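Sequence and model first, then my notes.

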Amino acid sequence: MDIYLQAAIAEARKGLEEGGIPIGSVLVIDGEIVGRGRNRRVQKGSAILHAEMDCLENAGRLSAAEYRRATLYSTLSPCDMCSGAILLYGIPRVVAGENRTFHGPETYLRSRNVELLVLDDPECAALMKDFIAAHPALWNEDIGV
């Protein structure tokens with residue numbers, strides 16, 4: 001398994017242990033993880049701390065040139081909000097662990113020249129499937145349903 005996806009899964013598991021939604025993300029530039037995040041909406045009482053947003057926040061301020069060399073890994077297909085941040089900062093590559101349990105605006109990202117790879121990872125899918133079954137109301141809140 002990809003070491004960067006493993007790092008994103010580790011973040012997802014931390015989030016689950018904290019009572020949150022098990023989605024994790026890492027930002028990689030030139031082979032180095034420069035930011036890590038997990039969905040912390042529950043833990044922080046936040047409206048916007050999806051894993052990708054938390055990851056970008058934790059990476060700190062980066063130059064446009066750095067973003068253009070970045071790959072964002074997430075255990076789940078990015079939602080509209082997170083996809084907007086990907087586009088805003090010009091992140092050219094996204095690797096999603098799975099999109100079975102949630103399918104973000106992947107076609108739109110690709111139409112905007114983002115290289116998007118969906119790995120269909122069974123561990124990522126199982127984390128979300130189990131969480132959604134146990135906490136459907138919380139999951140629906142997270143995705144705005």
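Is asparagine 113 buried or exposed? I looked it up: asparagine 113 is exposed, with a relative accessible area of 68%. My cut-offs are under 20% relative accessible area for buried, over 50% for exposed and partly exposed in between, with a 1.4 Å probe and protein chains only.

Ground rules for myself. This is a predicted model, so I note that local features need pLDDT of at least 70, side-chain atom pairs count only at pLDDT 80 or more, and totals for chains, interfaces and linings use all residues. Residues are numbered from 1 along each chain as its sequence is written, and side-chain values use heavy atoms, with hydrogens and water left out.

**Entry: positive phi**

I stayed with asparagine 113, which has a positive phi of about 70 degrees although it is not a glycine. I found asparagine 113 in the loop between H6 and E5. Helices (H or I, at least four residues) and strands (E, at least two) are DSSP runs here, numbered from the N terminus.

Aspartate 120 went on the list too, with a positive phi near 50 degrees in a residue other than glycine. I place aspartate 120 in the loop between E5 and helix H7 (122–134). Aspartate 120 is partly exposed, at a relative accessible area of 39%.

**Entry: the sheet**

I traced five strands in an open sheet, ordered E2-E1-E3-E4-E5, with mixed pairing. Two strands pair if DSSP finds at least two bridges between them. At the edges I have strand E2 (32–38) and strand E5 (115–118), each pairing on one side only. E4 and E5 run parallel and are joined by four bridges. One pairing I wrote down: alanine 96 has valine 118 in E5 as its bridge partner.

**Entry: aromatic pairs**

My search of the whole structure gave three aromatic pairs. Rings of Phe, Tyr and Trp (its six-membered ring) pair if their centres lie within 6.5 Å; planes under 30 degrees apart are stacked, over 60 edge-to-face, and the rest tilted.

Tyrosine 4 and tyrosine 73 are one of them: ring centres 5.3 Å apart and planes at 45 degrees, so I call the pair tilted. Tyrosine 4 sits in helix H1 (residues 3–17) and tyrosine 73 in strand E3 (residues 70–74), so this pair ties together parts 69 residues apart in sequence. Both tyrosine 4 and tyrosine 73 are buried.

I also logged phenylalanine 102 with tryptophan 139: their ring centres are 6.0 Å apart and the planes at 85 degrees, so that pair is edge-to-face. Tryptophan 139 is buried, with a relative accessible area of 5%.
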